Amino acid sequence: MRTQPTPVETKAVYDEPAIQAHCRRVGATAVEVAKKLGWKGEQQRALRAAADSHHIFANRVGPLLPRLLEHIFGYAAQESPAGAPPGEEMAKLLEMSCFFVERWEFLPYEVARFEQMIEELRMMARDGFFENAHVEGLAKVPGASLAEVKAVVSKLPVFPAAALKAMQLAQNPLTSAMQMEQIVGTDPVLAGEVLRMANSPLYASTVPYRSIRQAVVAMGIPECCRILSAAAFRPMFQSPLIRPLWSHSTEVARIAESLARLTGKVEPEEAFLTGLVHDIGRLALWKLPSRLTAQYTALLGHGCEPMFAEVLLCGFDHCSAGREVMRHWGLPDRLGEAVEYHHQPERSDSVLAQVLYLADHCSGSQEDLPSMARFRHAQESLGVTSEQLRSISSPPPMC
Ligand SMILES: [Fe+2]
Ligand SMILES: [Fe+2]
């Protein structure tokens, strides 16, 4: 029986993007733990480099890791030169990090939170699988609590009431342009935005629209509602760091609305509004103390997906933070549930969560690991085919 892969197989495995992404996550996790253990930059660099090649064979190299560190980086397996951790200990940290990352990668099929994973690792450390100090180092990596996020959320601007009112009006087929005009007229900034859009090349009018009512009639109430909602939220995404999040949110909103129209299972206006705020938890996380956002940026820079970086640094993700924002805004619970489960739609009965998941997928977002199980689940729940999904073309940029 053949036990070793051939060189060709080895190269194929090593070149596989999913394996490389896994290796980056393992390196990032190991380095964060190493910082908690007080290991120096040199060891951190060695850990990251060893993590990059720890799946050089189809299975974990496991016992080969100490050798790998010894041969490549000069860390002897048993000795501890100049106070550095021996190669064997570094290898053990990589093993634990690999286990943690694999556990996280299997989450589409299981329910587990960071604390539960730490408890599992503690039990395994008691059974001698991992070093207790490494597990405790990992437990200390999250630097923010949900209470801190709640404090950040409480300082967010209030929910723009005009957006909710516009959505309710757009859902009513009897709504008149005059009613829409009244909503738009309550805020000069929103009124200016509606006029600006009505006079933009998108609507190519030969005569300029000078009144809100003309603009509403020209664009139609649903489009006016979309512009109003987008204009109401956009000021929250002004900082250059989070501006890409705004383009992503408007794109997901447009796709979610198209999916809602295609399936007829949710109100298109509600899908649009929820699409706009589906990642509002990420906005909240960007407002955490700068030491955390700097760490977050570094992890993203090392190729970690936002969902993984969030779990590692906070113990929870932007979906939980988003639910807090929705509560803070006093929005209907069904919208909060959709936001909370937009990356885990299989854990909720919310049809809107399925819509958001697929809309996020169609937008090409790489916030989380792609999951065929989730994708199929959302497709089947909504009854949409892959061809139909492809037909939902990438929407034009908005505002
Ligand atoms: Fe998201
Ligand atoms: Fe997203």
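Mentor: Begin with the secondary structure: helices (H or I, at least four residues) and strands (E, at least two) are DSSP runs, numbered from the N terminus. The protein chain here has 23 helices and zero strands. This is a predicted model, in which local features need pLDDT of at least 70 and side-chain atom pairs count only at pLDDT 80 or more, while totals for chains, interfaces and linings use all residues. Residues are numbered from 1 along each chain as its sequence is written, and chains are lettered from A and ligands numbered from 1 in the order in which they are written.

Trainee: What is the mean pLDDT of the protein chain?

Mentor: pLDDT is the predictor's confidence in each residue, from 0 to 100. The mean for the protein chain is 82, and 84% of its residues reach 70 or more. Over residues 1-10 the pLDDT is below 50, and this stretch has seven contacts in the model beyond near neighbours in sequence. A contact requires that the C-beta atoms of two residues, placed from the backbone, lie within 7 Å.

Trainee: Among contacts between residues at least 6 apart in sequence, what percentage join residues at least 24 apart?

Mentor: In the protein chain the figure is 64%.

Trainee: How many of the 399 residues count as buried, as a percentage?

Mentor: A residue is buried if 20 or more other C-beta atoms lie within 10 Å of its own, exposed if 12 or fewer, and partly exposed in between, with C-beta atoms placed from the backbone. By that criterion, 42% of the 399 residues are buried.

Trainee: Which residues touch the most other members of the largest nonpolar core?

Mentor: In soluble globular proteins, nonpolar side chains tend to be buried together. A nonpolar core is a set of buried Ala, Val, Leu, Ile, Met, Phe, Trp, Tyr and Cys residues joined through C-beta atoms within 7 Å. The largest one has 107 residues, of which Leu47, Leu94, Val194, Leu228, Ala256 and Val355 touch the most other members. Helix 13 (residues 221-233) supplies the largest share of this core, nine residues. At least three residues come from each of domain 1 (7-141) and domain 2 (161-391), the bounds being those of an automatic or database domain assignment.

Trainee: Why is helix 15 described as largely enclosed by the rest of the structure?

Mentor: Ten of the ten residues of helix 15 (residues 268-277) are buried, so the rest of the structure largely encloses this helix. The buried residues include Glu269 and Glu270. Their cover includes helix 9 (161-171), helix 13, helix 14 (243-263), helix 16 (280-286), helix 20 (333-340) and helix 21 (351-362).

Trainee: Which residues does Pro160 touch, not counting residues up to four places away in sequence?

Mentor: Pro160, in the loop between helix 8 (146-154) and helix 9, touches Ala232 and Phe233. Pro160 is buried, with 20 other C-beta atoms within 10 Å.
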